[in-house]
Amino acid sequence: ARGFHDETLALLRFGQKTAVAQRRTVCVMFSDTTSVTLTIAATADTPTCNTDLQGPKGGSALGATITAKSGVAYSATPNDFSFDGLGQPVDSSGALVPAQTIQVVNAAKVITVETVTGYTHD
């Protein structure tokens, strides 16, 4: 559980930093309670994420996907959101979203993505 928590935290930080560095939208999608994927907009002017983002581990085009091991999951499916080019968490219309909290079952800490700044921490 702690490993999945740490991987999720690292991936979210990577997504936020990539959005700022490339001035492009990075989408964070939770398909269910066991995986998260990052995708990126093709250009700075495009708010739609239509390109696979290569993750920090390199490798395949879907390197920015993590999946929990058997028996590990988020306590509930987190809400999808995006980091805009300023690193702020926004919804599909571009409006700021409230602070996001993500809990991995049996992990002691909760991951928080702060409103306005996008700062991600536990």
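Me: Buried means under 20% relative accessible area, exposed means over 50%, and partly exposed lies in between (1.4 Å probe, protein chains only). Why does Phe30 count as buried?

Reply: Phe30 has 5% relative accessibility, so Phe30 counts as buried. This is a predicted model, in which local features need pLDDT of at least 70, side-chain atom pairs count only at pLDDT 80 or more, and totals for chains, interfaces and linings use all residues. Residues are numbered from 1 along each chain as its sequence is written, and side-chain values use heavy atoms, with hydrogens and water left out.

Me: What kind of pair do the rings of Phe30 and Tyr74 make, and how do you know?

Reply: Rings of Phe, Tyr and Trp (its six-membered ring) pair if their centres lie within 6.5 Å; planes under 30 degrees apart are stacked, over 60 edge-to-face, and the rest tilted. Here the centres are 5.6 Å apart and the planes stand at 85 degrees, so the pair is edge-to-face.

Me: Why is the pair of Phe4 and Tyr74 called tilted?

Reply: The ring centres lie 4.8 Å apart and the planes meet at 40 degrees, so this pair is tilted. Phe4 sits in helix H1 (residues 2-22), and Tyr74 is 70 residues away in the loop between strand E4 (65-67) and E5. Helices (H or I, at least four residues) and strands (E, at least two) are DSSP runs, numbered from the N terminus. Phe4 is buried at 6%, and Tyr74 is buried at 2%. Phe4, Phe30 and Tyr74 form one aromatic cluster.

Me: What makes Cys27 and Cys49 a disulfide?

Reply: A disulfide is a pair of cysteine sulfur atoms within 2.5 Å. Those of Cys27 and Cys49 are 2.1 Å apart. The search of the whole structure finds 1 disulfide. Cys27 is in strand E1 (residues 26-30) and Cys49 in strand E3 (residues 49-52), 22 residues apart.

Me: Is the disulfide of Cys27 and Cys49 right-handed or left-handed, and why?

Reply: The torsion about the S-S bond is about 85 degrees, so the disulfide is right-handed. Cys27 is buried, with a relative accessible area of 11%. Cys49 is buried too, at 17%.

Me: How do you know that E7 and E8 pair, and which way do they run?

Reply: Two strands pair if DSSP finds at least two bridges between them. E7 and strand E8 (residues 110-113) are joined by 4 bridges and run antiparallel.
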